[in-house]
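Hi,

Here is the structure I promised to pass on. Have a look at it first, and then read on for what turned up.

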Amino acid sequence: MLLEQLSAYRELGIGLIVVFVLLVLIIRGLIRGRRNRILRDLDPRRIGIQDIDRMEEGSEFELYLQRLLSALGYKDIYKTTGSRDFGADLVFTDREGARVVIQAKRYGIQHPVGLGAVQEIYTSMRYYAADKSVVITSGRYTDSCKTLAAVNGVKLLDRNDLVDMIDLFKTKRREEAMDLIESKADVIASKWSKSK
């Protein structure tokens, strides 16, 4: 009798464990499904920095930025095509009528954006007849990248700026978000500049 009761308790325990595991898997699947829907839609009103960190491809980040720029009210937004982008991912017209090229870098904090991003976006300005250039990353920049950008007047927006931009947009402070994007680049003279 005692053996039968122990066996019944053991079967009940195993059954409860199986039910618990199934519930955990179902809940996890629902959460992942919601996250995947958010990423699939790339709706700027619903995406935060954590969603950007989970993006698997840089093209998702580029498309998100295109949708964010559109939601902010920018016009004439053009997303370039893959390998023939000539260094720019997005081209748009700012509030003053200046053409701006953007390079989007969805990088992790542990992998900073280097010189190549500044070199590419700066040279793309000529191809797209742009007046301004911006690099936006979900990470950070190397010191040499910051220096080269400042010498060439390339605007760098890092992870903190991106978070601010998202927050400003979500709190309906679109003008402030646009001010952040359009603010002047930090500019310094090269140590090689000839002094007068």
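Before the strands, one convention: two strands count as paired if DSSP finds at least two bridges between them. Helices (H or I, at least four residues) and strands (E, at least two) are DSSP runs, numbered from the N terminus. Bear in mind that this is a predicted model, so to speak of a local feature takes pLDDT of at least 70 and a side-chain atom pair counts only at pLDDT 80 or more, while totals for chains, interfaces and linings use all residues. Residues are numbered from 1 along each chain as its sequence is written, and side-chain values use heavy atoms, with hydrogens and water left out.

**The strands**

Let's start with β3, residues 99-105. On one side, strand β2 (residues 90-93) pairs with β3 in the antiparallel sense, over four bridges. Within that pairing, L90 stands opposite I102. The two strands make a hairpin with five residues between them, and G97 in the turn has a positive phi of about 90 degrees.

β3 also pairs with strand β4 (residues 132-137), this time in the parallel sense and over six bridges. To get from β3 to β4 the chain goes through helix α4 (residues 115-127), and this β-α-β crossover is right-handed (with the strands pointing away from the viewer, the path from the first strand over the helix to the second runs clockwise). Two of the facing pairs are V100 with K132 and K105 with T137.

Next comes β5 (155-157), which pairs with β4 in the parallel sense over three bridges. Here V134 has K155 as its bridge partner. β4, α5 and β5 form a β-α-β unit that is right-handed.

How covered are these strands? For burial I use relative accessible area: under 20% is buried, over 50% exposed and in between partly exposed (1.4 Å probe, protein chains only). Six of the seven residues of β3 are buried, so the strand is mostly covered. β4 is largely enclosed by the rest of the structure, because five of its six residues are buried.

Leaving out residues up to four places away in sequence, V100 touches L90, V91, F92, D94, K132 and V134, where contact means heavy atoms within 4.5 Å. V100 and A130 are 30 residues apart along the chain, yet their C-alpha atoms are separated by 5.5 Å.

Now for helix α6 (residues 159-170), which holds R159. Is R159 buried or exposed? At 17% relative accessibility, R159 counts as buried. Neighbours within four places aside, R159 is in contact with I49, D53, I109, T137, S138 and G139. With residues up to four places away not counted, D161 touches L156 and L180. D161 and I181 are 20 residues apart in sequence and 8.8 Å apart in space, C-alpha to C-alpha.

A129, in the loop between α4 and β4, has a positive phi of about 50 degrees although it is not a glycine. A129 counts as partly exposed, at 49% relative accessibility. K172 is not a glycine either, and its phi is near 60 degrees. K172 sits in the loop between α6 and α7 (174-182) and counts as exposed, at 67% relative accessibility.

The largest pocket has a volume of about 220 Å³. Of the 14 residues that line this pocket, the closest to its centre are Y141, K146, K155, L156 and D186. α5 (143-152) and β5 each supply at least two residues of the lining.

For the method: on a 1 Å grid over the protein atoms alone, a cavity is a set of points where a 1.4 Å probe fits but cannot get out, and a pocket is an open set with protein on both sides within 12 Å along at least five of seven lines; lining residues have an atom within 4 Å of a point. Grid points are joined across faces, edges and corners, and the volume is the space filled by probe spheres set on the points.

What is the lining made of? The residues divide into seven nonpolar, no polar and seven charged, with Ala, Val, Leu, Ile, Met, Phe, Trp, Tyr, Cys and Pro counted as nonpolar, Asp, Glu, Lys and Arg as charged, and the others, Gly among them, as polar.

Cheers
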